[in-house]
Amino acid sequence: FCGILAMTLFIVWQCRQRVLGRVCLVELSFSGQTISLKAFCDSGNLLRDPDSGMAVSILRKEVFPEEWAGELSETARWIPFSTIGRESAEIQVVTLDKMRIFLKGTVKEIDTPRIGLHEGKFMSEPGVQMLLNGSFC
């Protein structure tokens, strides 16, 4: 019994370490302002803007600054997407000025990133506010 318990705890610990190793810091910039947040490198997020072909990362709408929302309301668009839990839906996408990703000792800068605004939580990992597109990981 103790061996099974030890093995189970070890597997849980390994899974947790794998998730934490894919959590990074991201800075989003728009109109001279920058916010910092925790993001998860989601290799399963392959969402692309159908018009431009650009990668779309997903941000919790609750952390999106209200003043940005006001400025971006006229240029925001809705694009189709699907997930494991939902066959098809639409997500509001905005274009920001810059995104900086700090991951594994490197900094990646993306100009005019596309950001989908998602209502509610999307991960059980506390503090994760964004799912990066798999092409950025």
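What you have open is a predicted model, in which local features need pLDDT of at least 70 and side-chain atom pairs count only at pLDDT 80 or more, while totals for chains, interfaces and linings use all residues. Residues are numbered from 1 along each chain as its sequence is written, and side-chain values use heavy atoms, with hydrogens and water left out.

**Cartoon view**

Now switch to cartoon. You will find two helices and nine strands, where helices (H or I, at least four residues) and strands (E, at least two) are DSSP runs numbered from the N terminus. Walking from the N terminus, the order of elements is α-β-β-β-α-β-β-β-β-β-β.

Next, colour by burial. Of the 137 residues in the chain, 39% are buried; buried means under 20% relative accessible area, exposed over 50%, and partly exposed in between (1.4 Å probe, protein chains only). If you display contacts (heavy atoms within 4.5 Å), look at those with a separation of 6 or more: residues 24 or more positions apart account for 61% of them.

**Stop one: the aromatic cluster**

Select Phe30, Phe64 and Trp68, which ring pairs link into a cluster. Rings of Phe, Tyr and Trp (its six-membered ring) pair if their centres lie within 6.5 Å; planes under 30 degrees apart count as stacked, over 60 as edge-to-face and the rest as tilted. By this rule there are two aromatic pairs.

Begin with Phe30 and Trp68. Their ring centres are 5.8 Å apart and their planes stand at 65°, so this pair is edge-to-face. Phe30 is buried, with a relative accessible area of 10%, and Trp68 is buried at 1%.

Then turn to Phe64 and Trp68. This aromatic pair is edge-to-face too, at 5.8 Å centre to centre with 80° between the planes. Phe64 is buried, as is Trp68.

**Stop two: Asp49 and its arginines**

Select Asp49, in the loop between strand S2 (33-41) and strand S3 (56-60). Is Asp49 buried or exposed? At 4% relative accessibility, Asp49 counts as buried. Leaving out residues up to four places away in sequence, Asp49 touches Met54, Val56, Arg77, Ile79 and Arg114.

Asp49 and Arg77 meet in a salt bridge (2.4 Å, N to O); a salt bridge is a side-chain nitrogen of Lys or Arg within 4 Å of a carboxyl oxygen of Asp or Glu. Arg77 lies in strand S4 (residues 77-81), 28 residues apart from Asp49. At 28% relative accessibility, Arg77 counts as partly exposed.

Arg114 and Asp49 also meet in a salt bridge, here at 3.8 Å, N to O. This pair joins strand S8 (residues 114-118), where Arg114 lies, to the loop between S2 and S3, across 65 residues. Arg114 is buried, and so is Asp49.

**Stop three: a salt-bridge network**

How many salt bridges does the count come to? The count is nine. To see several linked residues at once, select Glu27, Lys98, Arg100, Glu109 and Asp111, which are joined in a network of salt bridges.

Within this selection, zoom in on Arg100 and Glu27, whose side chains meet in a salt bridge (3.4 Å, N to O). Arg100 lies in strand S6 (residues 98-103) and Glu27 in strand S1, so the pair ties together parts that are 73 residues apart in sequence. Arg100 is partly exposed, at 27% relative accessibility, whereas Glu27 counts as buried at 19%.

**Last stop: the cysteines**

Finish by selecting Cys41 and Cys137. Cys41 is buried at 3% relative accessibility, whereas Cys137 is partly exposed at 42%. A disulfide is a covalent bond between the sulfur atoms of two cysteines. With the cut-off set at a pair of cysteine sulfur atoms within 2.5 Å, a search of the whole structure finds zero disulfides.
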